[in-house]
Every structure is written in structure tokens, then in C-alpha cells.
Amino acid sequence: MNFNQECLRKSLAGKFIGHPLYYFEETGSTNDEAFHLGVAGAPEGTVVIAESQMAGKGRMQRAWHSPPEANIYTSIILRPLFEAARAPQVSIATGVAVAEMLEDYCPDKVRLKWPNDVLIGEKKICGILSQMKMSGAAIDFIVVGIGINVNLNHEQFPSDIQKIATSLLMETGREISRMDMIIRLYENVAKWYRELTQNGFGPVRGKWISLSAMIGRTVSVMFQEETLKGRAIGLGEDGSLMLLTEQNETRLVSAGDATILKKR
Ligand code: BTN
């Protein structure tokens with residue numbers, strides 16, 4: 001069943017995130033739509049929602065599986081006033097917001113994997129893709145794109161990701177109202193975004209670490225041709241992953257694909 005647009009608009013009226021709301025039955029990518037709206041001057045809190053995406057985008061130039069009427073595909077426009085170096089903190093805060101929201105559905109099973117994958121157990125349930133537009137040295141806006149696998153069953157995932165992806169339906173055994181979920185999602189993103197803009201990165205970082213699947217574990221991070229291995233020990237101010245290498249050096253990794261190698 002499609003989102004009930006009228007209901008959604010009513011529930012989001014007066015909220016910090018959720019209006020204006022642009023709804024598409026089908027689009028290429030909600031991030032692309034939101035980016036165009038951002039360039040045209042759309043205010044902070046504008047959201048784009050789609051029932052399906054023809055060219056859903058993931059990190060590292062990957063595609064995001066986006067079949068109709070089962071999942072959440074949404075992008076939010078934010079215009080933080082802090083310096084551009086802090087932009088990755090917005091994605092980290094969004095990961096925290098999604099994870100905390102999902103805990104209501106799957107208590108004690110939600111984990112975060114750097115930079116901002118949300119996992120249930122070891123499988124990915126949500127991906128976040130942020131894109132930024134600068135104005136000189138300052139942030140003009142950030143588009144935060146969120147994809148959550150909600151009512152898909154195992155067979156509905158492409159075979160190459162069946163082993164690594166999951167959905168709320170698969171985890172809870174019941175259909176979940178996407179309507180309730182998206183309202184809670186925007187509420188929680190607003191909550192953690194406010195925390196970040198008013199109180200700095202500390203509280204977000206603390207919550208991220210408490211939900212992290214990585215801290216204290218040996219991980220390898222691959223970026224382009226380089227692979228770096230070490231024990232994950234924290235997050236840097238710019239949202240980078242802090243690793244302690246076998247040579248006892250502290251290294252910060254700002255981008256890449258992380259794999260957890262060993263248990264604590
Ligand atoms: C990842 O690779 O983990 C990030 C996936 C992000 C997917 C979401 S779905 C809504 C928004 N629109 C896109 O094209 N991508 C993001």
C-alpha cells in the first residue's frame with residue numbers, strides 16, 4: 001500500500017523535519033530530487049519521499065535496491081551553520097537517530113557500522129548517503145538520504161545481497177507501518193540534529209560508540225587501493241574512524257569500506 005499523503009502531511013505539520021514534503025510514486029533518486037530543491041533554495045527540513053527509485057544511489061558509487069511500496073526511501077535537506085569540516089557529523093548523527101528509532105522495533109539487536117550503516121545483528125537494514133553543496137567555504141546545504149528495508153522478505157532481495165541484508169519484516173516476523181515509522185524517523189533525526197547543533201559532537205559520538213558494532217574490535221578499512229588494519233578505538237571530530245594499528249600508531253580514516261575482522 002502507498003503512503004497516505006494527506007495523513008502524512010497532517011502528521012508532519014509544524015514539525016522541524018517533514019515539510020515541505022515532496023512525494024513521488026517513482027523517481028530516479030530522492031537524493032537527486034532533494035539536491036535540485038536545495039539548489040533552488042528549499043528550506044531546512046524539506047523532505048523528499050518516494051515509493052520506489054529507478055536509480056537509487058548507495059555509497060561508493062553502488063546502487064541501492066529500491067523496489068516499490070515496501071521500504072523507506074527519503075532525503076532530508078539540512079542547512080547547518082557550522083563549518084564544512086563538521087559535515088560528516090550530520091551523517092553520523094543520522095545513523096544514531098535511525099538506530100535509536102529501530103531499537104523500538106528490535107530491542108538490543110541494532111548496531112552501527114562506520115561510517116553509517118545500521119545493522120540488525122550482522123546484516124544491513126539501513127544505508128545513509130549524504131551529499132553536500134558548498135557556498136564558498138561554508139555549507140550551503142546537506143542532503144541526507146536514508147534507505148530502510150522495511151517489508152521485504154528474503155527472496156525479494158537481489159541474490160548477491162541476500163546474505164548481507166535484512167529487513168524489519170524478516171527480523172520481527174510482522175509487517176510494519178511505514179507511515180508510523182517515517183514520522184518517528186523524522187522526529188528522531190530532528191532530535192539528534194538539534195543535539196549536534198546545540199551541544200556539539202560529544203553526545204552524538206557517545207551514543208554512536210554505545211551502539212557501535214566496531215569499537216574494540218579489529219577491523220580493516222579499504223579505500224581505493226589502500227587497506228588499513230587496526231583496532232577501532234573511537235571517532236575523530238570529523239566523524240572519521242580512529243584505529244590503533246599493530247605498530248601502536250593512532251590513525252584516522254575518513255572514507256572507505258570497513259570490515260570487522262575479529263571479536264573483542
Ligand atoms: C549506502 O550505500 O549504504 C547508502 C544507501 C542510501 C540509500 C538512500 S535511499 C534514499 C536516498 N536516495 C538515494 O538515491 N540514496 C539514498
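Trainee: At what angle do helix α1 and helix α5 pack, and how far apart are their axes?

Mentor: In this predicted model, α1 (residues 5-12) and α5 (residues 178-199) pack at an angle of about 30°, with their axes 11 Å apart.

Trainee: Why is α1 called roughly parallel to α5?

Mentor: Angles under 35 degrees count as roughly parallel. The angle here is about 30°, so α1 is roughly parallel to α5. As for handedness, α1 passes α5 in a right-handed crossing.

Trainee: Which residues of α1 and α5 meet?

Mentor: From α1 come Cys-7, Leu-8, Ser-11 and Leu-12, and they meet Met-179, Ile-182, Ile-183 and Tyr-186 of α5. Contact means heavy atoms within 4.5 Å.

Trainee: What makes up the contact of α1 with α5 by class?

Mentor: The contact has 7 nonpolar residues, 1 polar residue and no charged ones. Cys and Tyr count as nonpolar, so Cys-7 and Tyr-186, both in the contact, belong to that class.

Trainee: How do you know where empty space is left?

Mentor: A probe the size of a water molecule is rolled over the atoms.

Trainee: What makes a space a cavity and not a pocket?

Mentor: In a cavity a 1.4 Å probe fits but cannot get out, whereas a pocket is open. The count comes to 1 cavity of 30 Å³ or more, and the largest cavity holds about 30 Å³ of space.

Trainee: Which residues line the largest cavity?

Mentor: Its lining consists of Leu-78, Val-90, Ala-93, Thr-94, Ala-97, Val-189, Trp-192 and Tyr-193. Helix α3 provides the largest share, 4 residues, and both α3 and α5 supply at least two. By class, the lining has 7 nonpolar, 1 polar and no charged residues.

Trainee: How much space lies in the largest pocket, and which residues are closest to its centre?

Mentor: About 1,100 Å³ of space lies in the largest pocket. Of the 45 residues that line this pocket, Trp-64, Lys-113, Asp-117, Lys-124 and Ile-164 are the closest to the centre. Elements giving two or more residues to the lining include α2 (30-39), β6 (123-135) and β7 (138-148). The lining has 16 nonpolar, 16 polar and 13 charged residues.

Trainee: What lines the second largest pocket?

Mentor: That pocket, with about 610 Å³ of space, is lined by 24 residues, and Arg-59, Ser-91, Leu-129, Ser-130 and Ser-254 lie nearest its centre. Strand β6 gives the most to the lining, with 5 residues. By class, the lining has 11 nonpolar, 10 polar and 3 charged residues.

Terms used: Residues numbered from 1 in each chain as written. Predicted model: local features only at pLDDT ≥ 70, side-chain atom pairs only at ≥ 80, totals over all residues. Heavy atoms only, no water. 1 Å grid on protein atoms, 1.4 Å probe; cavity = no way out; pocket = protein on both sides within 12 Å on 5 of 7 lines; lining within 4 Å. Points joined across faces, edges and corners; volume = space filled by probe spheres on them. Axes fitted to C-alpha atoms, helices over the stretch in contact; angles between N-to-C directions. Parallel < 35°, antiparallel > 145°, perpendicular 65-115°, else oblique. Left-handed = near helix turned anticlockwise from the far one by under 90°.
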